[in-house]
Amino acid sequence: MPDETTQLGERGHAIILFDAECVLCSANARFVLRFDRAAHFRLASMQSDVGADLFRRFGIDPSDPDTIIVVEEDKARRDSDAVIAIYEGLGWPWKAAAALRIFPRALRDPVYRLIARNRYKIFGKRETCWLPPEHLRDRML
């Protein structure tokens, strides 16, 4: 029997896996919920059971993640490809971020990883996990 995350992927929803204790990551999650008018994305924090399971499925330790992941139809995008996929999925004008693909991943990913490794130092860490407002909780896994 397929699990919930597989079923969601089959229904055409991409899943964004993020760190709900990271101020930057939580701000990005709020941004996605605000501008994803088509409700294409579902979100799962690495601190949740679903998020932790998905991180492990793709070979990432949920207690020490170094990336954001976007899962679509059982395939995962990570690092700068995940960020670009998120903004593409939001439609115009955010979709213009796809132009960043003119830079090879070998240039984009080191910049992404530098920020990801230092996200708590630069942006801060929450005392508790971020949760969306009640009316958007159905978008969280």
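A salt bridge is a side-chain nitrogen of Lys or Arg within 4 Å of a carboxyl oxygen of Asp or Glu. By this rule the count comes to 13 salt bridges. The structure is a predicted model, in which local features need pLDDT of at least 70 and side-chain atom pairs count only at pLDDT 80 or more, while totals for chains, interfaces and linings use all residues. Residues are numbered from 1 along each chain as its sequence is written, and side-chain values use heavy atoms, with hydrogens and water left out.

The elements named below follow one convention: helices (H or I, at least four residues) and strands (E, at least two) are DSSP runs, numbered from the N terminus. Burial is stated by relative accessible area: buried means under 20%, exposed over 50%, and partly exposed in between (1.4 Å probe, protein chains only).

In one, the side chains of Glu21 and Lys125 meet at 3.6 Å, N to O. Glu21 is in the loop between β1 (14-18) and α2 (23-35), and Lys125 is in the segment after α6 (119-123), 104 residues apart. Lys125 is partly exposed, with a relative accessible area of 47%. In the other, Arg139 forms a salt bridge with Asp36, and the closest N and O atoms are 2.6 Å apart. Here Arg139 belongs to the segment after α6 and Asp36 to the loop between α2 and β2 (41-45), 103 residues apart. Both Arg139 and Asp36 are buried.

A further salt bridge lies within a helix. Arg105 and Asp109 are both in helix α5 (residues 105-117), 4 residues apart, about one turn of the helix, and their closest N and O atoms are 3.6 Å apart. Arg105 is partly exposed at 48% relative accessible area, whereas Asp109 is buried at 6%. Both residues belong to a network of salt bridges that links Arg78, Asp79, Asp81, Arg105, Arg108, Asp109 and Arg113.

The interior comes next. A nonpolar core is a set of buried Ala, Val, Leu, Ile, Met, Phe, Trp, Tyr and Cys residues joined through side-chain atoms within 4.5 Å. The largest such core has 23 residues, of which Ile16, Phe18, Phe41, Leu43, Val70 and Ile86 touch the most other members. The elements that give two or more residues to this core are β1, α2, β2, α4 (79-89) and α5, and the largest share, 5 residues, comes from α2. Contact means heavy atoms within 4.5 Å; leaving aside neighbours within four places in sequence, the contacts of Val70 include Ile16, Phe41, Ala76 and Ile86. A second, separate core of 10 residues includes Ile15, Met46, Ile69 and Leu141.

Two strands pair if DSSP finds at least two bridges between them. Strand β3 (residues 69-72) and strand β4 (residues 75-78) run antiparallel and are joined by 4 bridges. Val71 has Ala76 in β4 as its bridge partner. This hairpin has 2 residues between the strands, and Glu73 takes a positive phi near 50°.

Helix α5 also takes part in a surface feature. Ile115 lies in this helix and counts as partly exposed, at 35% relative accessibility.
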